[in-house]
Amino acid sequence: MIQISKDISKAVALLNQNQLIAIPTETVYGLAGNIYNEEAIKSIFKVKNRPFFNPLIVHIKSIKQLDELAKDIPKKAILLAEAFWPGSLTLVLKKQDIVPDLVTAGKDSVAIRIPNHPTTLALLESLDFPLAAPSANPFGSISPTKASHVADYFTDTLAMVLDGGECENGIESTIIGFENNEPVVFRLGSIAVEEIEKVIGKVQIKNKKDNTPDAPGMLSRHYAPKTTTYLKEDVAHFVKEFTNKKIGVLLFDKKIQNVPDLYQEILSENSNLKEATSNLYAAMHRLDKLNLDVIIAQRFPDVDLGKSINDRLERATKK
């Protein structure tokens, strides 16, 4: 039976024994293991049922570790690291030979970030190795933002969830890679593209790739509830197509008529995109537990973090 605990020393002991644990970050909970232990990394893929062609993100404790894992680092990557680390930015960089191919899905690049969560930073300080840590959920399902979400997913397959409370940012990191030393967004995330561009100028977005993805989160079907889900501009109108059905709705800032309050999730009554992002996955988890016939999600304003929310909902919904 999985244990939810705040005991960092126990987490250190388990990781040193090459076991997997779930860890909190400011984005979502991660399923963590020693990047240098082949069995631990294989276990991450097995426990998640994640395809081996999908690379993992490596979590480090300090920017000083970057040179150990990456080489030929573009100047703009350093600027981004200095601006956003610790934080919700992952950089895809040319890897050093020390980084196992299993972690990078055989690619010559590695995805790296420093998480901005005091519990996991303390954990990393206590370890002699970085952690690979994709989201702590079965592959393709809704990412976890609470320890209880992880426990629901992995009751008998994980030894421990290191409890760090609710994840503040609520969706995964923004991933930036480089093509000819120019930045490319591989995954929209909890740092808006507009914030990235304030630091390094205009960036390209190439965030969809089903075959041999360059980074996590690029597959077209991902982050999905078990309940059939639709993404619509006009939720109130689309609801009318499901007479005599049990419907849940995921909305930005206002309730609609003809759906019971119990089945309505409002992500930000203040129309705040950051708050909506933080609440997104928890709301999706709650709706998915209601045994609904269908969930209808509202498309968000396509600006700032609204782009990231729409990206998650597009991958979670029926086309």
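Let's start with an open sheet of four parallel-paired strands, arranged in the order β13-β16-β14-β15. Keep in mind that this is a predicted model. At the edges stand β13 (229–232) and β15 (264–266); each has a single partner strand, so one side of each is left without a neighbour in the sheet. On average, neighbouring strands here are turned by 15° against each other, ignoring direction.

Strand β13 runs parallel to β16 (residues 294–298), and four bridges join the two. Across from K232 you'll find Q298 in β16.

Two helices go with this sheet. Helix α9 packs on it, touching β14 (247–251), β15 and β16, while helix α10 lies across β13, β14 and β16. Here's how they sit:

| Helix | Residues | Direction |
|---|---|---|
| α9 | 273–288 | about 175° to β14 |
| α10 | 305–316 | about 140° to β13 |

How much of β11 is covered? Most of it: five of its six residues are buried.

Strand β11 pairs with β10 (residues 174–179) in the antiparallel sense, over five bridges, and I175 stands opposite R187 in β11. The two strands form a hairpin with two residues between them, and N180 in the turn has a positive phi of about 55°.

Strand β11 is also joined by two bridges to β12 (residues 204–205), this time running parallel. Here V185 has I205 in β12 as its bridge partner. To get from β11 to β12, the chain passes through helix α7 (residues 193–200), making a right-handed β-α-β crossover.

Conventions. Residues are numbered from 1 along each chain as its sequence is written. This is a predicted model: local features need pLDDT of at least 70, side-chain atom pairs count only at pLDDT 80 or more; totals for chains, interfaces and linings use all residues. Side-chain values use heavy atoms; hydrogens and water are left out. Two strands pair if DSSP finds at least two bridges between them. Axes are lines fitted to C-alpha atoms, for helices over the stretch in contact, and angles run from 0 to 180 degrees between N-to-C directions. Contact means heavy atoms within 4.5 Å. Buried means under 20% relative accessible area, exposed over 50%, partly exposed in between (1.4 Å probe, protein chains only). A crossover is right-handed if, with the strands pointing away from the viewer, the path from the first strand over the helix to the second runs clockwise.
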